[in-house]
Amino acid sequence: MIGMFDKDESGTIDIYEFSALWKYIQQWKQCFDSFDRDRSGSIDANELQTAFTSFGYRLSPNFCNLCVKKFDRTNVHTMKFDDFIQCCVMLKSLTDAFRKHDHQQSGTVTINYEQFLEMVLGHTLTGT
């Protein structure tokens, strides 16, 4: 996240950049808390699906379970705040990459295997 707010690309953030980063984290925390309905401090697959739906995604319960499984570092079938941010940022990044190939905005693309790998590796290499 520091890289996102390092406007002068110095590898560090100054007080103004830190202030922007802090505000960004607080906005994510408010978002997380609004979907943590049971106030457990974590998000389960049902709460995650509610969050995704409110963000405009129409994703299956199976996909939401897969996301929780992928981002659950403690194997308790929920994700913590930082995992929630990482999951949401990943979803947006991959969606943006998908949309570059979805010229008709139909929700369907035809790509070859190498294009798929480039899309996924581009996401994982940039960390966004």
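This is a predicted model: local features need pLDDT of at least 70, side-chain atom pairs count only at pLDDT 80 or more; totals for chains, interfaces and linings use all residues.
**Packing of H3 against H5**

Two packed helices are described by the angle between their axes and the distance between the axes. Helix H3 spans residues 45-54 and helix H5 spans residues 81-101. Their axes lie 12 Å apart and meet at an angle of about 40°. Angles under 35 degrees count as roughly parallel and those of 65 to 115 as roughly perpendicular, so H3 and H5 are classed as oblique to each other. The crossing of H3 past H5 is right-handed. On the H3 side, the contact is made by Leu 48, Ala 51 and Phe 52. H5 contributes Phe 84, Cys 87, Cys 88 and Leu 91. Seven residues of this contact are nonpolar, with no polar and no charged residues in it.

**Salt bridges**

Side chains of opposite charge can pair when their charged atoms come close. In the whole structure, four salt bridges are found.

| Salt bridge | N to O distance |
|---|---|
| Lys 29 with Asp 33 | 3.0 Å |
| Asp 83 with Arg 73 | 2.8 Å |
| Asp 96 with Lys 92 | 2.8 Å |

Lys 29 and Asp 33 both belong to helix H2 (residues 15-35). They are four residues apart, which means a separation of about one helical turn. Lys 29 has a relative accessibility of 31% and therefore counts as partly exposed. Asp 33, at 28%, also counts as partly exposed.

Asp 96 and Lys 92 sit in helix H5, again four residues apart and separated by about one helical turn. Asp 96 is partly exposed, with a relative accessible area of 31%. Lys 92 is likewise partly exposed, at 45% relative accessibility.

The pair of Asp 83 and Arg 73 is arranged otherwise. Asp 83 lies in H5, while Arg 73 lies in the loop between helix H4 (61-71) and H5. Asp 83 is buried, because its relative accessibility is 4% and the cut-off for buried is under 20%. Arg 73 is exposed, because its relative accessible area of 63% is over 50%. Arg 73 and Asp 83 also belong to one network with Asp 82, joined by salt bridges that share partners.

Methods
Residues are numbered from 1 along each chain as its sequence is written. Side-chain values use heavy atoms; hydrogens and water are left out. Axes are lines fitted to C-alpha atoms, for helices over the stretch in contact, and angles run from 0 to 180 degrees between N-to-C directions. Helices (H or I, at least four residues) and strands (E, at least two) are DSSP runs, numbered from the N terminus. Angles under 35 degrees count as roughly parallel, over 145 as roughly antiparallel, 65 to 115 as roughly perpendicular and the rest as oblique. A crossing is left-handed if the near helix is turned anticlockwise from the far one by less than a right angle, and right-handed if clockwise. Contact means heavy atoms within 4.5 Å. Ala, Val, Leu, Ile, Met, Phe, Trp, Tyr, Cys and Pro count as nonpolar, Asp, Glu, Lys and Arg as charged, and the others, Gly among them, as polar. A salt bridge is a side-chain nitrogen of Lys or Arg within 4 Å of a carboxyl oxygen of Asp or Glu. Buried means under 20% relative accessible area, exposed over 50%, partly exposed in between (1.4 Å probe, protein chains only).
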